[in-house]
Amino acid sequence: LRYHFSSPPQPRDILALVTHTDLKDVVREALGPSIDGTVVAAVSGGPDSMAMFHALCELSSEQPGLRIVVAYFDHQLRPDSLRDLEVIGPLAQRFGVRLIWDGADIRLRALESAQSIETTARVWRYTFLATIAEAFHARCIATAHTHDDQVETVMMRILRGAQQRGLRGIGARDGATVRPLLGVTHAETLRYCETHGIPYVTDPGNDDLTFFRNHVRHEVLPALRRVYPGIDEALLRVRDAAIRQYDDNERATAGRLDTWFRAGRDGWWLAHEAFEDLDDERRLHLLNCVVERLGIEDVTSVHYHAMLAGSAVDLPAWHVRREHDGLVFMLREGAARFAPQPLPLSGIARLAGWIFTSNVLDGAEAHEQLHGRPGGVAYLNVDGPLIVRCPRPGDRIQPLGMQGHKKLSDLFIDRKIPRRLRSRIPVVEANGEIVWVVGVAISERARVRGDENAVFRLGAVAEEQPA
């Protein structure tokens, strides 16, 4: 791990900080007309995020209504990863900024979920950021994606055969997330850090070519630039065209999934009527929406065209076949219905046909609401992050009022839940222990007594109850 502690800036450095007057202007424009309120800055310790963090802090010094909270998530991919805080902490202390950090063993979580390390890291990191934003009532989360990240993302998605949805690349705004540096290059953030004496970390993992992004960054794009120096601008033109096409297709297919996409006995079913009066491009768009709703990853244009042609297709963990009345999406034998994912402290999470809502109450309020609670709501007195996943063989829970644990398979039998539906029932765990089997049982370990400072209220509802 390489740490860069720059020398203090000179009184008037003649180096241009960035092509813009100052990163503060870039950040100010990204935040919009009102720059009051709290902004959560996602900081990794690298030069991009440290430059953004410094610019935000400088701006907050000029704008009394702007408050910064810095959030660091440790992916535990290096033995000394927490040393990143050695460069983040002093800058936070210098500006009097609150620093919040958490972490997870992402390599282990990726193995559990059968997802890539990159995908797992992104899910956990953004859930952590959303939790911090909710806790501090932040108006937005600022991340340090740059122009370089945008170009790399579009190139990666082209190589993976993405449709318009993916080719839109990284948005300047995505819900509560703001990305102020998309017009700034990585070289410019490096120059900014050197000029302002901002320390930063260079992670050798960024050179590991086993990660797809690093392969594109260090091998694919440099080779293309040698042949065609204008490749970056060309990729951004592809992105602009994809945004226009996506918006047109969204308008043309609006409401069709709500009408024609349903859960059935053997999986999910998309009726043929959903495709009526649509050309092939918009049919592909509709299929892309289905795949996103089911949470299926790594689907290429080859898969989409095969589905459109009526061929039987194997997707990651899913099988798709055409029947007389539509396309049927079935989970393959032994596959988890969805990968383990953390739940936000407050907000909404959508997982393969289930919608989870979460918020935090004090114990007295939660205890009062317990009476008349429906089966799809749970009040949980637990610490630590909540993770939702599918049931696994051997799972056990200590139901409310019981001294010992009971197998989930026995609980399902007791409740007369058909075998075909059991794998579809989500379980929620905290600190490695199941605290809620949705609609079936709550753990004694999570009992609410009324004197707690904070209690999780979780709701879970199936988008469409399978037959």
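Which handedness does the crossing of α6 and α10 have? The crossing is left-handed, a label given when the near helix is turned anticlockwise from the far one by less than a right angle, with clockwise giving right-handed. The model is predicted: local features need pLDDT of at least 70, side-chain atom pairs count only at pLDDT 80 or more, and totals for chains, interfaces and linings use all residues. Residues are numbered from 1 along each chain as its sequence is written, and side-chain values use heavy atoms, with hydrogens and water left out.

The chain holds 16 helices and 24 strands. These elements are DSSP runs, numbered from the N terminus: helices are H or I of at least four residues, strands E of at least two. Of the 467 residues, 48% count as buried. Buried means under 20% relative accessible area, exposed over 50%, and partly exposed in between, with a 1.4 Å probe and protein chains only. Among contacts (heavy atoms within 4.5 Å) between residues at least 6 apart in sequence, 71% join residues at least 24 apart.

The average pLDDT (the predictor's confidence in each residue, from 0 to 100) is 83, and 90% of the residues score at least 70. Over residues 5–21 the pLDDT is below 50. That stretch still has 28 contacts in the model beyond near neighbours in sequence.

Two packed helices are described by the angle between their axes and the distance between the axes. Helix α6 spans residues 147–159 and helix α10 residues 231–253. Their angle is about 70°, and their axes lie 9 Å apart. Helix α6 is therefore roughly perpendicular to α10. Axes are lines fitted to C-alpha atoms, for helices over the stretch in contact, and angles run from 0 to 180 degrees between N-to-C directions. Angles of 65 to 115 degrees count as roughly perpendicular, under 35 as roughly parallel, over 145 as roughly antiparallel and the rest as oblique.

On the α6 side, H147, Q150, V151, V154, M155 and I158 take part. They meet D232, L235, L236, V238 and R239 of α10. By class, this contact has seven nonpolar, two polar and two charged residues. Ala, Val, Leu, Ile, Met, Phe, Trp, Tyr, Cys and Pro count as nonpolar, Asp, Glu, Lys and Arg as charged, and the others, Gly among them, as polar.

V428 lies in strand β21 (residues 427–430). V428 counts as buried because its relative accessibility is 0%. Beyond four places in sequence, its contacts include L343, F356, W436 and L458.
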